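Let's take a walk through this structure together.

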Amino acid sequence: MDQIGAAGVAYNQDLTHKTILVGDSGVGKTSLLVQFDQGKFIPGSFSATVGIGFTNKVLTVDELKVRLQIWDTAGQERFRSVTHAYYRDAQALLLLYDITSRSSFDNTRAWLTEIHEYAQDDVVIMLLGNKSDMASARVIRREDGEKLAREYGVIFLETSAKTGLNVDEAFMTVAKELVRHSVQLPIEPRFQLHDVMEPEKEPSGCCGFS
Ligand SMILES: Nc1nc2c(ncn2[C@@H]2O[C@H](COP(=O)(O)OP(=O)(O)OP(=O)(O)O)[C@@H](O)[C@H]2O)c(=O)[nH]1
């Protein structure tokens, strides 16, 4: 059922938005989701994701409950065809690269091409430069990420699944965009005052036009 949020928009809180994490193997997709879901980082603890799994989260945006079903995908090439099938009904995609890996950054163009090929036209896309805590190993400047995001018209943040930097912000930004995309009706007064009031009658003899 539609609810009206603090910002005055109608939004159906029963909707669940499929949100998918994609990007090369090792960029930190599983770690980012674990940090978001459990608020912790377990270094080097994950073997490469095989196939796909999801976590449900409910975020509050302008007093509205936004339900995300967040899917962690395998970055490895051999699972790519499985991942494509999931793009189709996704409402949001978080595309990660690793700021210490040039190849993971360069490959984001190929990921974006795939996304445009397989995903819905109005999918919310965020580009995330992960592992921002690894300053001394950085090879991709923040400006390079920003420039690429501008070029493709997507939202950009640098994150760290280790320290938690911008992890909540990334998912919150997605949730806000989803509300914006889902707005069905602008909330306007159903009628205007002048619709129900008699037009003001000119007092006779007024105004002196002839
Ligand atoms: N320092 C640092 N290490 C990270 C960060 N995110 C992930 N890592 C490490 O990077 C490695 C790969 O992380 P994963 O979360 O397994 O990467 P993934 O993208 O899920 O990999 P696939 O499942 O193969 O697609 C692990 O050793 C993580 O501990 C981060 O923000 N900072």
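**A guided tour of the fold**

Among contacts in the protein chain between residues at least 6 apart in sequence, 73% join residues at least 24 apart; a contact here means heavy atoms within 4.5 Å. The model is a predicted one, in which local features need pLDDT of at least 70, side-chain atom pairs count only at pLDDT 80 or more, and totals for chains, interfaces and linings use all residues. Residues are numbered from 1 along each chain as its sequence is written, and side-chain values use heavy atoms, with hydrogens and water left out.

The protein chain has 7 helices and 8 strands. These are DSSP runs numbered from the N terminus, with helices being H or I of at least four residues and strands being E of at least two. Of its 210 residues, 43% count as buried. For the terms of exposure, buried means under 20% relative accessible area, exposed means over 50%, and partly exposed lies in between, using a 1.4 Å probe and protein chains only.

Which residues cover its two faces? On one side sit A92, L94, L96 and D98, and on the other L93, L95 and Y97, all of them buried.

Now look at the strands that pair with β6; two strands pair if DSSP finds at least two bridges between them. Strand β3 (residues 16-22) runs parallel to β6 and is joined to it by 4 bridges, with T19 having A92 as its bridge partner in β6. Strand β7 also runs parallel to β6, through 7 bridges, and here L96 has L128 as its partner in β7. Strand β5 is mostly covered, with 8 of its 10 residues buried.

Next, turn to helix α5 (residues 142-152), whose buried residues are G145, L148 and A149. They cover an arc of only 100° around the axis, which puts them on the same side of α5; the arc is that of the directions from the helix axis to the C-beta atoms. The face of α5 turned away from its buried side carries the exposed residues K147, R150 and E151. What do the buried residues of α5 pack against? Their partners are β6 (92-98), α3 (102-106), α4 (108-118), β7 (124-130) and β8 (155-158). Helix α5 is followed by G153, with a positive phi near 65°.

Helix α1 comes next. Here 8 of the 10 residues are buried, so α1 is largely enclosed by the rest of the structure. Those buried residues are K29, T30, S31, L32, L33, V34, Q35 and F36. After α1 comes G39, whose phi is positive, near 65°.

How does α1 sit against α6? Helix α1 (residues 29-38) and helix α6 (residues 167-182) pack at an angle of about 85°, with their axes 9 Å apart. That makes α1 roughly perpendicular to α6. Axes are lines fitted to C-alpha atoms, for helices over the stretch in contact, and angles run from 0 to 180 degrees between N-to-C directions. Angles under 35 degrees count as roughly parallel, over 145 as roughly antiparallel, 65 to 115 as roughly perpendicular and the rest as oblique. At the contact, L32, Q35 and F36 in α1 meet V167, D168 and F171 in α6. The residues of this contact divide into 4 nonpolar, 1 polar and 1 charged, where Ala, Val, Leu, Ile, Met, Phe, Trp, Tyr, Cys and Pro count as nonpolar, Asp, Glu, Lys and Arg as charged, and the others, Gly among them, as polar.

Finally, visit some loops. Most residues other than glycine have a negative phi, and most peptide bonds are trans. D62 is not a glycine, yet its phi is positive, about 50°. D62 lies in the loop between β4 (52-61) and β5 (64-73), and at 41% relative accessibility it counts as partly exposed. N166, also a residue other than glycine, has a positive phi near 60°, and its place is in the loop between β8 and α6. The loop between β7 and α5 holds S136, which counts as exposed at 81% relative accessibility.
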